[in-house]
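I opened a new model today.

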Amino acid sequence: MKTDKMIKFILQIIGLILINKAGFYIVDLLNLRIPGNVLGMILLFVLLWTRVVRLEWFEGAADFLVKHLSFFFVPVSVGLMTLGGMIAQSGIQLAVILVLSAIVGMVFAGGTSNLLIKRKEGKETGDSAHDL
């Protein structure tokens with residue numbers, strides 16, 4: 001039973017990696033000016049939204065990755081330690097950019113969450129006017 005879960009988890013991770021790599025491939029192929037991982041996330045969103053793939057196919061691996069998300073920032077933090085001179089020189093500009101980008105991210109995340117909550121409440125009451 002445990003090997004079945006492990007195989008399912010590995011296949012979910014492989015599926016997420018393939019979608020990510022597809023984003024990079026499309027960016028290279030079409031010479032787009034957006035990061036491949038962003039296009040991969042957009043591709044995953046479209047595949048989930050159109051129900052080409054089901055959430056259950058990736059849910060276990062996605063939950064694991066989100067649960068351990070802070071671990072993935074360790075290399076970034078260590079890398080920042082080597083940029084002390086640049087941070088000392090342009091620290092205020094970097095701080096303003098980081099704060100503004102965090103605010104924009106929170107506003108979009110909050111708005112999206114509210115939209116999804118309202119949509120879910122509409123479906124529970126049988127109102128289909130809020131469907132995307």
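I took helices (H or I, at least four residues) and strands (E, at least two) as DSSP runs, numbered from the N terminus. On that basis I find 5 helices and 0 strands in the chain. Along the sequence the pattern reads α-α-α-α-α. The radius of gyration is 19 Å over C-alpha atoms, well over the 14 Å of the globule rule for 132 residues (2.2 Å times the number of residues to the power 0.38), so the chain is more spread out than a compact globule.

The model is predicted: local features need pLDDT of at least 70, side-chain atom pairs count only at pLDDT 80 or more, and totals for chains, interfaces and linings use all residues. Residues are numbered from 1 along each chain as its sequence is written, and side-chain values use heavy atoms, without hydrogens and water.

I looked up the extents next. The C-alpha trace spans about 55 × 40 × 35 Å along its principal axes.

Then I checked the core. A nonpolar core here is a set of buried Ala, Val, Leu, Ile, Met, Phe, Trp, Tyr and Cys residues joined through side-chain atoms within 4.5 Å. The largest has 7 residues: Leu16, Ile19, Leu44, Leu47, Val53, Phe58 and Ala61. Both α1 (2–30) and α2 (36–49) supply at least two residues of this core.

I followed Val53 further. Leaving aside neighbours within four places in sequence, Val53 is in contact (heavy atoms within 4.5 Å) with Leu47, Leu48 and Phe58.

Notes: Buried means under 20% relative accessible area, exposed over 50%, partly exposed in between (1.4 Å probe, protein chains only).
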